[in-house]
Structure formats: structure tokens, C-alpha cells
Amino acid sequence: MKNLSSEIIKRYQNRTRKDIADWQNAVNVARSVYSPRQYLLQNIYADITDDALLASQIQNRQEPVMSRAFTLNTPDGKPDEKASAALAALPFIQDLIKAILDSELYGYSLCEFIPGKPYPVFNVIPRQNVEPGDGIFLPDYYANTGIPYRRLKEYGKTILEFNSNHIGILNKTVPHVLFKKFAQSCWSELCEVYGIPPRFLKTNTQDPEMLSRAETMLREMGSAAAMVIDNTEELQFASGVTTTGDVYNNLITLCNREISMVISGAIIGQDTANGNYSKEESSKEMLQRLIESDSRMVEIYFNTAVLPALRSLRLISDQPLTFAFTASENLTDLWTKTVAVMPYYDIDPKWIKEKFGVEVTAPRNATQMAAHNVAGEPPCAPDNFFL
């Protein structure tokens, strides 16, 4: 059985600071017509995902999908509890879902199952070693030739591919992260100059001994608050900068907003000066739409690629089951309706405990129930209650 991970030749990844020219060159190489290569662009992606805001935005978008409950349903739409539990028990299920979600961010994910007991090992092939346009796996991404993985007999069984057919959403965030790093670096240098302004010493430059002593004195002074000089010398501080770094702060704020717009579709919880409740709710709704879209994408990949592969590995039953996320419930709204209907209908205490975690001990007596009814009100629920 072909094992792609074992053939990878590891290369040192250059972590020097990238600029816009590096990014443009990487995009041109990735989009080349004759010999496209992804390693330059994927190295930049690996570098920018260290940004704190970008990492948090990705987590905010992916974690709701990865934490959702799911079931395997029979053709008539009923959940198969045993098969669903077996799928959820697979140790790599979360990594598999993340690989699908990452295919939108990075452009693609090429994965493989390596035989093992009791479960196979799940690996995501380093994206630097994959050229999805031509379907080539490159053990050495500097090489000109590789393995056409889509022609392997393991493709679709132990080798799975999740391809977005674009170079990844992260490509839209690269310039903003690079500009943000540049602004933070310049701002830190400004803080250093602003805190300790340049110093100069007036002395007799025609006297080599005095000049040498002055140079040594300033060099060794460092951040000391005092020094001894000759009565013919004069130590002064140069005029410090007058700005407090607003230009850098504004650039960083702009970059943060653009990053949030790309990943979350809106700016959530950042604009404290101009934010309000309605804006936050609208932003959350936009993020929720992206989460639902990602969930639908995961369902499609599972039903078309993942489940057939798991069946071939005999990790799930051969029954024609379909993968689906369970619909999320608004427990706050459901509790409000439950409380409203309690005076009119009997509610199963077991259901209340399972749904809300409320321990129901015994029913109320008639006097207590009557106290909750308005005088003259008919003993039935409002007509519009279930609307």
C-alpha cells in the first residue's frame, strides 16, 4: 500500500520576514501555467497564521462546526445510533473535519490513512509537497517531477483529497498581516527612541584622547541615568519625536478589520468606540451564515468521499447511511415557550431534565396551580402560542 508521508524529504523553512514582493512572487509561481508550485505560497500561509487575530478568527469560524453533533441517517431519515456512535468514536474524526475546513483556507487538503491497530493513523500531507492543479505529489518540493496521486489505486480509499479549486482564502489576508507586522515593528522602534532619545556629547574633537574617551563613555553608558564628564564637555539629549504612534495604530486597526472581514465576514467585538448591540448581532448573523456554509461543505465531503473511504477500511458498516449535522436548538426560546405552556398542559419531567437539566420532583397542588392563572382566563393555551 502506497504511503506518501514516508517519502517526504524535509526541507528547512525560511522564517525571515516576508514582504509584498515575496507574496506576489509566490502567487505568480502558484498560478504559473507551465510548472505551478505551491511551496512558496504555503510557506507564507504558515507564517501569517501565527498572527494572533487571524488565528482567533479562524478558530471562531471553525470550532462551532467541529463541536457540532452529527448523526448517520438511514435512507428514511432516521438516525442510526450505533453507527453514529462508532463514527464519533474514531480518534481522528476531529482532525478529518478540520482538514476539510482548512481546504477553504489553504486551497486544498490531501490526506491519507496509514494502516494501524486498532485504528489507522490519519495524516494531512504537507501542502508544500502537493500541486493540486496537476494532481502531483512532490516528495521533494524543489524537484520538477513527482507522483500523480490521482492515478494511484489508493486514491479515494486511503488517499483523500479536499480541493477548493482556488488558492485559498488566506491569500486575501496576506497583505494585511504583512503590513500589520511592519507597523508593529516600526512602532516598537518608535517606543525605543521615544523612551530613550539620542544623546550627544560636546567635546574637543581636535583632541584624539578626549574624542576617544567621549566615544567610549557614550557607548558604555547604555541606559544608565548618570555619568561623569569633564567640565569642558556638555551632554545633551536630542529632541524626541512628537508623535505617539497614531499612524502605526491606525494601520494596525485597519489591517485587523480587513482580516476580520475576510474570515468572519464582519467585525465582531473589536470596534469598542463605535460598536453597538445591533451591529454585533448583525455581525454574528453573518458569521453564522459562514458557519452554516462550512457545515454544509463538510456534509457533502463526508457523503461523497469520507464515508466510502471509511467503508473500504471497514471502520463503519456497509449500510447506505448519510452524514448530517444535527440542527441546533435555541434553548432560551424553547424554555420560554415551555414555561408559558406549563399552566395549561402536562409536560414530561424526564424530557425537562434531559433538555434543560432541571430536576422535577413532584407536581404542584391545585391551589398552587390556580395561583398562576389569571382570573377569568380560559384553561387553554393562547391561539398564537405555537406560531
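Which element supplies the largest share of the lining of the second largest pocket? In this predicted model, where local features need pLDDT of at least 70 and side-chain atom pairs count only at pLDDT 80 or more, totals for chains, interfaces and linings use all residues. Residues are numbered from 1 along each chain as its sequence is written, and side-chain values use heavy atoms, with hydrogens and water left out.

The answer to the opening question is α2, which contributes four residues to the lining of the second largest pocket. Helices (H or I, at least four residues) and strands (E, at least two) are DSSP runs, numbered from the N terminus. On a 1 Å grid over the protein atoms alone, a pocket is an open set of points with protein on both sides within 12 Å along at least five of seven lines, a cavity is a set of points where a 1.4 Å probe fits but cannot get out, and lining residues have an atom within 4 Å of a point. Grid points are joined across faces, edges and corners, and a volume is the space filled by probe spheres set on the points. The second largest pocket holds about 220 Å³ of space, and among its 14 lining residues, Asn14, Lys18, Tyr39, Leu40 and Asn43 lie nearest its centre. Both α1 (20–30) and α2 supply at least two residues of this lining.

Tyr39, one of those lining residues, also takes part in an aromatic pair with Tyr142. Rings of Phe, Tyr and Trp (its six-membered ring) pair if their centres lie within 6.5 Å, with planes under 30 degrees apart counted as stacked, over 60 as edge-to-face and the rest as tilted. By this rule the count comes to twelve aromatic pairs. The ring centres of Tyr39 and Tyr142 are 5.3 Å apart and their planes stand at 80 degrees, so the pair is edge-to-face. Because Tyr39 lies in helix α2 (residues 39–48) and Tyr142 in the loop between β5 (136–137) and β6 (147–148), the pair ties together parts that are 103 residues apart in sequence. Buried means under 20% relative accessible area, exposed over 50%, and partly exposed in between (1.4 Å probe, protein chains only); Tyr39 is buried at 17%, whereas Tyr142 is partly exposed at 45%. The rings of Phe323 and Phe325, with centres 5.2 Å apart and planes at 80 degrees, are likewise edge-to-face.

Tyr106, in helix α5, is buried with a relative accessible area of 16%. Arg127 lies over the face of Tyr106, at 4.4 Å from the ring centre, where a charge sits over a ring if NZ of Lys or CZ of Arg is within 6 Å of the ring centre and within 35 degrees of the ring normal. Contact means heavy atoms within 4.5 Å, and, not counting residues up to four places away in sequence, Tyr106 touches Gln42, Tyr45, Thr49, Arg127, Ile167, Gly168 and Leu170.

In soluble globular proteins, nonpolar side chains tend to be buried together. A nonpolar core is a set of buried Ala, Val, Leu, Ile, Met, Phe, Trp, Tyr and Cys residues joined through side-chain atoms within 4.5 Å. Of the 34 residues in the largest such core, Leu87, Phe302 and Leu310 touch the most other members. Elements that each supply at least two residues of this core include α3 (52–66), α5 (93–106) and α9 (277–312), and the largest share, ten residues, comes from α9. Leaving aside its neighbours within four places in sequence, Leu310 is in contact with Leu87, Leu90, Phe92, Phe113, Leu315 and Ile316. A second, separate core of 21 residues includes Trp23, Val27, Ala30 and Ile259. Ile259, placed in helix α8 (residues 246–264), is buried with a relative accessible area of 0%.

The structure holds one cavity of 30 Å³ or more, and the largest cavity has a volume of about 60 Å³. Its lining includes Ile58, Arg61, Leu101, Ile169 and Asp294, and the elements that give two or more residues to this lining are α3 and α5. Arg61, in helix α3, counts as buried at 10% relative accessibility.
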